[in-house]
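Please keep the sequence and the coordinates at hand while reading.

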Amino acid sequence: MHDSRISNRIRRLRFDHGEMTQQELADKVGVTRQTIIAIEAGKYAPSLPLAFRIARAFHTSVEAVFQYPDGATTPDADKPDS
Amino acid sequence: MNRTQKVATLFLLSALVGAVTSAYVGSVIVLRRMPPKPLGQIAVAGIALVALAFLALTVFFLVKRQSRAEPESDERDSIIRGKAAMVSLCGSWLLLAIVLLALGLALGQTGSVPVYLLTVILWGVAQITLAVYGVTALVQYGRGGDNA
């Protein structure tokens with residue numbers, strides 16, 4: 001699960017959904033606020049079930065919340081050749 | 001601060017209190033007498049007060065929650081707990097092996113040690129294990145769980 005290249009739009013989506021707080025989102029998806037903070041900051045890549053729960057909390061798809069770089073199929077795929 | 005962080009902090013504090021207590025008891029054993037009266041009384045009373053305060057703090061700390069809906073732990077907490085347990089257990093086994101090996105090398109095949117020394121060694125390793133668990137868990141939270 002170590003992949004800091006996964007970016008997300010959680011902060012933006014929280015703002016768009018009535019300025020939802022991190023605690024409210026955490027309560028909705030059943031995790032602690034610290035985990036939401038870590039996900040938002042890109043320091044923690046959530047499991048697939050948690051990613052789906054977060055997406056459903058915003059009534060959207062997983063890909064609308066989390067983005068993975070195009071063409072990156074393996075962990076080293078988008079690293080420059082040495 | 002969630003439950004895992006609280007437990008890690010408590011482990012770290014326990015190790016510190018254990019180290020202070022051990023230092024006090026050790027000094028009494030080494031000196032083979034109680035410290036001078038006023039100091040001895042103050043130290044014993046101080047340790048008792050610290051232990052009581054620690055107990056009260058523990059109960060308050062574990063019961064208090066940020067939100068009613070907040071779970072006690074989630075997937076990230078369990079990953080952090082697993083890593084901290086692994087590091088502390090590996091560290092404790094390694095430390096125990098090194099200490100026993102060093103004793104064996106220092107004393108040789110026919111050497112002997114007091115019986116209480118094994119208890120002291122195990123107590124020390126247990127304290128270090130607690131401290132390592134606490135530090136490892138807190139460091140991972142500080143770094144965002146190392147994206148585990």
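## Helix 3 of chain B

Directly after helix 3 of chain B comes B:G108, which has a positive phi, near 75°. Helices here are DSSP runs of H or I with at least four residues, strands are runs of E with at least two, and both are numbered from the N terminus. The model is a predicted one, in which local features need pLDDT of at least 70 and side-chain atom pairs count only at pLDDT 80 or more, while totals for chains, interfaces and linings use all residues. Residues are numbered from 1 along each chain as its sequence is written, and chains are lettered from A and ligands numbered from 1 in the order in which they are written.

Helix 3 of chain B covers residues 75-107, and because its 33 residues at 1.5 Å a residue should span 48 Å, the 48 Å between its end C-alpha atoms agrees with expectation; the expected span is 1.5 Å times one less than the number of residues. Within this helix, B:R76, B:D77, B:I80, B:A84 and B:S88 are buried, a residue being buried if 20 or more other C-beta atoms, placed from the backbone, lie within 10 Å of its own. The cover over these buried residues includes helix 3 (33-40) of chain A as well as helix 1 and helix 4 of chain B.

## Helices 1 and 4 of chain B

Helix 1 (residues 3-31) and helix 4 (residues 116-142) of chain B have axes that come within 8 Å and cross at roughly 145°, where axes are lines fitted to C-alpha atoms over the stretch in contact and angles run from 0 to 180 degrees between N-to-C directions. Residues of helix 1 of chain B, including B:T4, B:F11, B:L12 and B:G18, meet residues of helix 4 of chain B, among them B:W123, B:L130, B:Y133 and B:Y141; contact requires C-beta atoms, placed from the backbone, within 7 Å. By class, this contact of helix 1 with helix 4 of chain B has 13 nonpolar, 8 polar and no charged residues, with Ala, Val, Leu, Ile, Met, Phe, Trp, Tyr, Cys and Pro counted as nonpolar, Asp, Glu, Lys and Arg as charged, and the others, Gly among them, as polar.

## The two chains

Chain B has 4 helices and 0 strands, and buried residues make up 18% of its 148 residues. Of the contacts in chain B between residues at least 6 apart in sequence, 89% join residues at least 24 apart.

Chain A has 5 helices and 2 strands, which run β-α-α-α-α-α-β from the N terminus on. Buried residues account for 22% of the 82 residues in chain A.

How values were computed
Contact = placed C-beta atoms within 7 Å. Buried ≥ 20, exposed ≤ 12 C-beta atoms within 10 Å, placed from the backbone.
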